[in-house]
Each structure stands twice: as structure tokens, then as C-alpha cells.
Amino acid sequence: MSLVGAKVLRKEDPRLLSGTGTYVDDLSPAQCAFASFVTSAEAHATIDAIDVRAALAIPGVLAVYTAADFTDYPDLPGGLPTLERPALARNTVRFVGEPVAVVVAEDRYIAADAVAAVTVSYSPLKVMTTIEDATAGDSVPLFPRHGSNVITIVPTMDDLEKELAKCHGRASLHIVNQRCAAVPIEPMAVLADWKPDGLTVWATFQAPHHLRNYLATWLDIPQMNCRVVAPDVGGGFGSKIVWYPELFIAPVISKLLRRPVKFAQTRTEAMMQMAHGRDQVHDIEVGYEKDGTIKALRLIVSQNLGAYGDPTGLGLAVLTTWMAAGAYRIPKVSTSFRTVVTNTTPVAAYRGAGRPEAAYSIERIVDQVARQTGLDPAVVRQRNFIPPSAFPYETHNEAVVYDSADFPAALAECLRIVDYDAVRAEQKARRNDPSKPLLGIGLSCWLEIAGFGPNGSLEGFGHLASWESAQVRIQPDGSAIVYSGSSPHGQGHETMLSQIASDELGISFDRIKVITGDTAAVLQGIGTMGSRGAPTAGSAVKVASSRVLTRAKRIAAHLLEAAEEDLEVVDDAFNVKGSPGKKVSWGDVAWASFQPLRIPPELQAGSLEERLFQESPNFSYPSGAYACVVEIDRETGDVTIRDMVLVDDCGTVINPLLAEGQVHGGVAQGIAQALYEGVSYDSSTGQPVTANLLDYLVPSAADLPDYKVGRTTTLCPNNPLGAKGIGESGSVGAPPAVINAIVDALSEFGVDHIDMPATPEKIWKAMKSGGNS
Amino acid sequence: MSTITRNVTVSMTINGQSITRTIDARTLLVHFIREHARLTGTHVGCDTSNCGACSIMIDGESAKSCTVLAVQADGCSITTIEGLSGPYNGMSAVQEGFRQCHGLQCGYCTPGMVMAATSLLNEIPDPSEEQIRSGLEGNLCRCTGYQMIVESVRWAVEHPAP
């Protein structure tokens, strides 16, 4: 029986359910000291003085360090020239929460006392938290050497004004894709232990080899002496592939104090220091014909980078503009973007990273075309879909060639599950019945770029390469260890990769162990992000396993004195087809594989091992059709999601249980963005007003609906598994479905658009003002 | 700024084992459990008692151990995730329900979620979906979207320990 495609329970769960998982803060080596950061209380200021004397006087305080102690070390990696970020703020602070000094103490309580005892004097500078403020005439540059707060501009060659003007009609929207916080339930944590024979760093991180590569360079030590371990990682969602100061500072402190040093962020610190996501402003305009077909699309993107240019943050708008046209065949597409620094927490990847922003705008504008033409939103989508026969489909950007999809089938399945016509009929009936809540239905036929694996695709974000590694190693007893360079944080790699290896090797699932996240054990690796786990790491394990099996068959044939092609692997044994009883167990083959006297002469001892760096010729393009049905209280503007239908196409499904879990989680974050979440700042002072979980509304079980899941399948032709990835799908597809439903429900008030998060207050105001708020 | 610390001696029973330590009086119960008793299954996910990753039971009642001082638990009987047991390879029906229904992904919120669910079933043995959702309102999960957690709790209801 094939395990790929089967609902297999997770290997990870027994330890995580019994409290025996190991997260970074669970580790507590002897003599471990605790670090805590003094952070900027100002959003933009010069540092006049730092007085650490009172802190040093506290019993149990070991040291206090400032930028002056790190002059031997370079700035943090990845910054653009003129936009350098030092590990600790030097002279200037640019956002509230930016680390200014670090204290080290015997425990976290004393460290907190010491942080409170450090006095920093500032001279405030002009605060700019929005793109508008940072680009206004009276703005001042955050980086005087750069001279402007606009960091990159990628203009369009043609603004398509001519094409747009020729169309029957034009539709445009000004769209704010608000800033969100990733909020993995485990905040950042790092433990560094510098010993004479080398450094070990345990970090809650999505890409341990990536960190190892940069950390060793930064510290100027050879990589062989720099081991990074990502143990159990409590969620990431993109926020744990960022060069945070603590990752670099902790090893230095450990070296100076000759003790292990740990830093474990509080949530309030995390809300200010972990990178945020989204924060784009779009101006989108399309030209359409009477029948709803869209002839031209123009998307102008502005990206708020926050205070520093994170390598991923700088690339978000690239991905957004790549995916601007979504699932639609639009003859002319024009995109442009600019990135702008502001006095806010830096922006980097958050689940979807640039693609939710693209999907949201195209799906909103398609609804606006439906509104203006009087056509049904489903019909407008059907009339504009790229047809299944048109794949591979070359888009407006040469880097982007959609692999495969069947958009009409996905939408049809979605409409069937949600019972679209019945909802429309009910909606019509309710229009004249003020005793009932407003009813709206929203669609989202989304598509995203994933499977980051093609050569060059991750190098642009600072990674070593874009392949993913696998190593399959048969033990002498016939059990197998699979090493993967893709280090997970909840995705279930131990289970998913075991399923793939089990199918390929013919070794039972329970006799396969997956090891990830330790640079001393895993040969090399890239990481887990961009929905690449199954397409890249999964494919690597598949290919490596099949190569091991080929050699194992040669040994088995040798032992059985049979022909290789006559062998089949069943139940951990090699059987000669048609000769019942003539077989040798996997364990016997494995044992023999280490004994030169028992293997074919052309093989060497230990040959049942394969290492592979799996490359991909193209990205993958997961897609789907979602529908959301909302009810809105006419008195309060409160939204209830009555139905949430999710039809996904992720190509080959390795484990439907895990795939569904990924969709649910992504959709929950998508609904959260649509209805609840948004990082905000006081624009005059730059103080964050959502710096804890009281003020930043992460939804609970009571706030979210049940999900109805459907599936269509078009295989990805670009990897051996046919898998497209599923980690980000929900967060890409859900926000437009929810907002389209709300705008649909509010249509009788003349409301064309409502910005996220669609709070009851915003909706209530929109109902009162007819959308002119 | 000067700090005044006062050491106190506290005794409690955690998962049936008594423990006595002299600690800084301001030590939170969650840090007592994690750093003095060295039971690290109970996690810390926020500083405003919103997330519930630190959920435990004090004398059988559900509590968030980040909002309780260790001294307040002096003389109490504490149950943490490590203290649960049952017929499913040593795990309770709630724990097994989470495994069967994929009620966890990264696992960080899971111990608190399992403790809150266990406590919920002690109070309401056969909860509706709505009761489960409102009963777990004080525990945040960022991975699952909650539906599979609700199903996990229902699994436990439908598979009472023999």
C-alpha cells in the first residue's frame, strides 16, 4: 500500500503531547546566564548617553554591553549599502523596540531588573511611520547617507493608459494591505555556548544552515566550528528567517563571559522586535469590456519596509508584482513598485510573503468589475480564467511560468459545496427583510508562487542556494535514517518525509527516522519557507531513496542469486516474483551491505546511502477557489462567518491530514487578517499600540468558523513528486474571500470597498455613510 | 534603581511529587515549574495571560501559571502536562484525541491546550462544539485554525478511558 496520499498519524506527536518536546528555552545547561535587551523607547532619535552604572551595581548582574563593545564586529548581514543595521543601535535609533544595550545576569528576573536600571538619553528626531509621512516634503531621511526614504523604485515601461482608455469601462481601487504580526506562539529564543573547541547555537529558526553560514562569517570563525541547532520550533510563519540581533550577540557574550548565554523574548518584546509582514499600499486599475473580460491591468505597489531593509522585505513587492494577474488571462499587465523605510519594526516574510497581497488586490478588483458590469462575480471569473489547455502559461513576467491548474474546475467545485445559487437566492430574499442580518458571499480564485527551488530563486534573498538536501542512510539492521535540510516548525516533516521514504525504499514507516535542524548532523540545508517542503525536500527524499533501493536490489539479487528485475520489495523484504518463500529481508540486505565479502564486487561497503541536492527547473503554483458566506449584524456591524469553503489544488497530496491542517491554519491567519489583526502605531510618536496580545487580536477558537474542504488536483510537472506545496495557500486565498463577502453584504449601502481588518466599527461606519467614510 | 528581593521557601506537590525550594518571592509559578522543578512541558507564550500556553491545574482547577506566583501555590497540588496519563501508550484520551485528529502542529501551545481541554471535560463531560470553542477561548493556537482541536476534544469525549 502506498503511504503517499494516506492519512498517517504524526511521528512528532507523542513527544509534543507529553511535554517532552525540546524548545530552546527548555534547555538549561550548567552555568547558563540570561541576556535581556534594553530597547529604544523612541521611534527616531539620536542616542546621547547610556548610563549602565546602576544596572551593574545590582547583585547577580554579570555585564552590560552597548554598541561600543561590538566595534570589532560588522553590521548585521543582508542590509543594503547605506542602510546598514548594527547589532546594537549605534548613535541613532529608528524604531521603538530596537535593541540599544544588552544586559547579562544570573537569571531572567535579575536581567529584567538590570534592563530597567539602564538609563538612555535621547534627542528625538522627526517620526515617520507611514509611507505617506516618510515621502512627504517635510520628511527627513532615516539614513542620511542614502538621502531618501525611498529605497528602491522599479518603474513600469508602460503605464497602459492607452489600453485602459480604449476599454468599455475601467475599475480602480486604492487598497491597503495592513501590517500584520506573525505571532508564532513561541517567541524568539537563542542559546549560545562558546567553548574552546567550537560554538553551538540553539535557535528557534526556520533555516539553521542559513544561520550557520552567516553567523560564522559574522563571527569570523570557520563553519566547522559553528554548529546551529533548531530543535522543536514553536511556529515561524516567516518570522524566524530574519537576522535578529540576539542571534549574533548571544554567541559573542558567551565567548566573553565563558558561559552559556540564553535569551528568550517576552511577547511584548516579540511584538516590537520580530519582523512584521504585509504593509503594502496598492493602486490597482483594470480596463474591461462589456462582457466582463479584462483587457488591461495596472498595479502600483508601495511597500513599507519598516526601519531597515530586510533582504526578504525588500523582495516582497517583487513577488506581489509577479503574481499581479492571478488566475486570469489579461493581455496587458503593467506593474511598478517602490519600497520605503519608516520608523517602525522591520517588515519581512509573513506566511505568503507578497503573494497574499497580490491575490487580495486582483480578487478585489475582479469583484469590482462584476459590480460595475452587473455581472455575477463567478461569471466574471469564469470569463477571464486562464483555460486548463493554456499551461504552462507564460505571464507578464518572464520569471513566472504557471505550471498547471484547472481554475474552472476548482471554482465549479467550490460553488457546488457552498451551494452558490441557493445563497444568492437567500441573499435576494433578505434584502427586503431588515429583521434578518445582512448576507454576503465572496469568492477568491487565487493562485500563488511557491516551491522556492529553481536556481537563483532564494539566492536573491541571501540564501546559499535554492536546492534542498536529502541524505538517506540505511542502518545495518535495515532501518533507515533520513536527513533533510528543510528544518520544520510544525509542518510534520518527520511524518511526511517518512511516508515518501517508506514508499520508495519498501521499509516500513515505523523503521524510518527523520533528522532535521542540526548543522552537525545534516550535511547542508536551505530551510523551510515559501511552501517548499514537499516540492523540494520531499522530492529530494524520493529520489535519494529510489537510488538507495536500486543498489539494495543489486545486493539482494546477489544474495538470492536472482535477477534484479525479478525482485519486488514487500513488507521489509525482497521477494523473487513468482517464487514464494524465496526472499531476503531488508535487514539481511542491509547487514550484508556493510560486509565486503557478501556484496557484488562492483559495490563497496556502505553503499546503501545517498546524498542529494535536489534542484527544481521551475516554481510550483498552488491554487484554489474559496468561498466565504458572512452575516453582518445591521445594528453593530459585527461579522459572523457562516460558511468557509476551501477548494485547494496543491498537486500531489502526501498526507491529507497534514495538508488539511496546513490549509486550516493558513485560512485562520487569513481570516484573522481580514477581520481582526493589524499592527498599528501612534503616527506622531511612533509608539506601537498593539505591542501585546491584549491589543493585537489573535483569534481564538471562539472567533473562527468550521471549514469545508474540497480538492481538485493538477500535478506539478516540475518535480518528481508532482507536489506544489500547501503551507501558504490559506493565508493567500482567505482574505479576499472574506472581504468580498463583506463588501457583497454591504452592496446595498453603496459600499465598494472596506479595508482590512474589517472591524465592526469600520463596517458600522460604512453602513452609515454609504461607503464614503 | 535598587531592587529588593526576598527569598521565601515554598513547598508544593507537582504531579504527585513534593518539591520544596527557597526562591525569589516574585517567582512566577510557571518559572517555578520550568526552572526549579525542571518540568519544561509547560510553556510561556505571552506576558498578558492571553495565550494559555502555560495552562496547568492547581488543586484540580485550571489556571494559567504565568499569572500565579509560586508562593500563592504553596501547599497546593499541581498537575502539568507531564502528569497526565492514560491507556493510550501512556497518554490520556485527550492527548490521544489530539494525535488522532491532528490537533497540533508545532506543539508549542499544545500542553496548555491539552490541559485546558482536560479541565473543560472535567467540568462539562459532553460539551457541544460551541462549548468546546468557548471553553478553549483562553488558549491561542497559531497553527491549526482550531477545527481539528475541536475534533480532538470530541474524540476524547467519544473514547472515554475504560
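A: In chain B, 16 residues of domain 1 are in contact with 13 residues of domain 2. Contact here means heavy atoms within 4.5 Å. This is a predicted model, so to read it: local features need pLDDT of at least 70, side-chain atom pairs count only at pLDDT 80 or more, and totals for chains, interfaces and linings use all residues. Residues are numbered from 1 along each chain as its sequence is written, chains are lettered from A and ligands numbered from 1 in the order in which they are written, and side-chain values use heavy atoms, with hydrogens and water left out.

The two parts of chain B are domain 1 (7–83) and domain 2 (93–158). Their bounds come from an automatic or database domain assignment. Taken over C-alpha atoms, the domain centres are 21 Å apart.

Now the area. The size of an interface is often given as the accessible area lost when the parts come together. Buried area is that loss, found with a 1.4 Å probe and summed over both parts. Domain 1 and domain 2 of chain B bury about 1200 Å² between them, and carbon and sulfur atoms give 60% of it. Three residues stand out on the domain 1 side. His43(B), Met57(B) and Ile81(B) supply 41% of the area that domain 1 of chain B buries against domain 2, more than any other three residues.

Next, the polar side of this contact. The rule finds zero salt bridges between domain 1 and domain 2 of chain B. A salt bridge is a side-chain nitrogen of Lys or Arg within 4 Å of a carboxyl oxygen of Asp or Glu. Six residue pairs are in polar contact between these domains, both residues at pLDDT 80 or more. A polar contact is a pair of N or O atoms within 3.5 Å; within protein, one must be able to donate a hydrogen and the other to accept it, and residues adjacent in sequence count only if both atoms are side-chain atoms.

Which elements build the domain 1 side? β3 and β4 of chain B each supply at least two residues of the side that touches domain 2. β3(B) gives the most, with three residues. By class, this side of domain 1 of chain B has six nonpolar residues, nine polar and one charged. Ala, Val, Leu, Ile, Met, Phe, Trp, Tyr, Cys and Pro count as nonpolar, Asp, Glu, Lys and Arg as charged, and the others, Gly among them, as polar. Helices (H or I, at least four residues) and strands (E, at least two) are DSSP runs, numbered from the N terminus.

Asp59(B) is found in the loop between β3 (55–58) and β4 (61–64) of chain B. Its phi is positive, about 50 degrees, although Asp59(B) is not a glycine.

Asp571(A) lies in the loop between β22 (567–570) and β23 (573–576) of chain A. Asp571(A) is exposed, at 70% relative accessible area. On that scale, buried is under 20%, exposed over 50%, and partly exposed in between (1.4 Å probe, protein chains only).

Now the contact between the chains. 49 residues of chain B are in contact with 59 residues of chain A. The two chains bury about 4700 Å² between them, 55% of it on carbon and sulfur atoms. Across this interface the rule finds six salt bridges. One of them joins the side chains of Arg133(B) and Asp706(A), at 3.1 Å from N to O. On the chain B side, α1 (29–36), α2 (93–100), α3 (110–123), α4 (129–135) and α5 (147–158) each supply at least two residues. The largest share, four residues, comes from α2(B). The chain B side divides into 19 nonpolar, 19 polar and 11 charged residues.

Last, a domain contact inside chain A. 20 residues of domain 1 of chain A are in contact with 24 residues of domain 2. These domains of chain A bury about 1700 Å² between them, 64% of it on carbon and sulfur atoms. Their salt bridge count is zero. Seven residue pairs are in polar contact across this interface, both residues at pLDDT 80 or more.
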